[in-house]
Amino acid sequence: MNTEPIINPDTFGALRSMVGDEFLSELIDTFCTETPPIIGDLQRALAEGDADTFRRAAHSIKSSSANFGAVPFSALARELEILGREHNLAQVGDKVARLVADYGQLERALRELQHAS
Amino acid sequence: MPRETAPISGHLLVVDDNKVNRLLLGRSLEQQGHRVAFAENGRQALEVLRAQPFDLVLLDIQMPELDGFQVLEQLCHDLHLRDIPVIMTSALEELDSVARCIEMGAEDYLTKPVNAILLRARINASLEKKRLRDQQRELVRKFATAEVAEDLQASGFSLGGKFVEATAMFSDIRSFTTIAESQSPADTIDLLNDYYTLMFEAIAGHGGVVNQMVGDGLMAIFGAPLPLQNRCERSVLAALEMMEMIELFGCEQEAQSKPRIRIGIGIASGEVIAGYTGTLRRATYTCVGDTVNLAARLEAHTKVVGEPILIDETTQQGLSSGIETVPQGPVQLKGKTDEVRVFSVPVGQKVRR
């Protein structure tokens with residue numbers, strides 16, 4: 001059922017032509033530096049039952065990943081954001097674990113695209 | 001429409017807690033010729049906004065510290081910041097929040113990820129609107145007084161008046177028609193401009209506001225639209241300075257073989273009705289009422305008694321002992337049923353402070 005690519009090539013291509021290769025590479029570096037700590041915040045917030053921080057972290061991940069066309073990853077982060085907003089953290093453990101795994105995939109995909117330019 | 005003109009470049013502030021978003025927006029804006037500064041949260045944004053001037057803010061809604069709503073709220077309560085246009089940057093599914101922001105005063109919104117073409121269009125439209133508003137404000141500043149401009153900014157424009165305790169002053173040039181007939185129109189306008197410049201300085205220097213200039217006459221108010229302490233004394237000190245200025249100006253005129261001018265000043269204090277009069281298209285801040293009429297009558301009466309400054313009893317009672325006044329007796333003035341006690345203020349006196 002999930003045939004959607006990790007990164008939508010059209011969105012990514014548009015981003016590349018808009019900002020240029022050099023800046024895009026910088027942007028990917030920034031994303032890969034900034035995102036793991038935010039995922040850390042998300043996991044900590046989950047452990048502490050802090051729904052507000054959870055929601056904000058998910059929101060941030062959703063929004064920055066969307067810039068690269070990381071559609072499924074961004075959608076998963078959005079699901080988490082909604083659950084956080086509803087203060088419904090009881091059953092998000094699996095989804096958070098999936099987000100962590102998907103992040104690994106996403107980072108690899110971005111690095112490949114970064115070096116392909 | 002501004003389509004034909006070169007894109008306006010501005011000093012923009014990007015507020016977003018996510019660094020990727022900040023960098024990307026900043027890059028797009030710089031590519032469009034703008035100067036960009038950044039803030040990571042609402043608190044930082046307000047600090048930066050208060051420290052330097054900006055033409056536009058791109059504001060994220062969900063942020064730690066102060067969020068977008070709180071920033072907007074503080075902006076619209078800040079007289080110096082509330083006119084900076086704010087464009088919200090939000091996710092598509094946050095449109096409810098965006099609507100709330102627009103109700104709170106945000107100018108427009110963009111959904112993230114931001115499309116460069118929409119970004120350009122919205123930024124340019126906002127900057128153009130801001131430019132027009134700034135121009136308007138500049139016009140208000142030029143054609144109204146600083147006090148009126150401030151009052152307009154604080155209370156917004158509304159026709160409608162209120163009672164205010166104030167001191168009204170009228171000043172007029174004596175035999176102006178004769179002077180105007182004796183010289184060229186250009187010289188007459190020059191003369192009026194010099195006269196107004198000197199009178200404005202003397203009046204504003206003592207806290208008064210010139211709110212009407214008609215031909216060779218002017219009307220000034222002390223105590224409206226903003227309250228003023230010791231307004232009676234200040235108005236009389238302004239009148240004395242005006243006479244001094246006219247004397248100096250007269251010497252200058254004579255040295256150039258031009259006519260000397262003389263003025264008469266009438267001052268009255270009490271309740272006035274203050275407000276914007278006119279239509280929604282064209283209005284002026286003015287004061288009306290008995291006190292204002294009395295000041296005008298006193299000004300006219302200066303010709304009768306041959307004293308250049310006349311004041312009413314209320315104003316006289318508001319003076320400190322340092323200013324000399326001379327009773328001119330009760331006078332029957334046009335339009336007044338009762339006689340009015342009138343005082344002259346000798347010109348050239350040394351005011352003891």
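Contact between chains A and B

Modeller: The contact takes 15 residues from chain B and 15 residues from chain A. This is a predicted model, in which local features need pLDDT of at least 70 and side-chain atom pairs count only at pLDDT 80 or more, while totals for chains, interfaces and linings use all residues. Residues are numbered from 1 along each chain as its sequence is written, and chains are lettered from A in the order in which they are written.

Biologist: What makes two residues count as in contact?

Modeller: Their C-beta atoms, placed from the backbone, lie within 7 Å.

Biologist: Which helix of chain B gives the most to the side that touches chain A?

Modeller: Helix 1 (residues 19-31) of chain B, with seven residues. A helix here is a DSSP run of H or I with at least four residues, and a strand is a run of E with at least two, both numbered from the N terminus.

Biologist: How do the residues on that side of chain B divide?

Modeller: Into seven nonpolar, four polar and four charged. Nonpolar covers Ala, Val, Leu, Ile, Met, Phe, Trp, Tyr, Cys and Pro; charged covers Asp, Glu, Lys and Arg; the others, Gly among them, are polar.

Biologist: Why is a residue called buried?

Modeller: Because 20 or more other C-beta atoms lie within 10 Å of its own. By that count, 37% of the 353 residues of chain B are buried, and 36% of the 117 residues of chain A.

Key
Buried ≥ 20, exposed ≤ 12 C-beta atoms within 10 Å, placed from the backbone.
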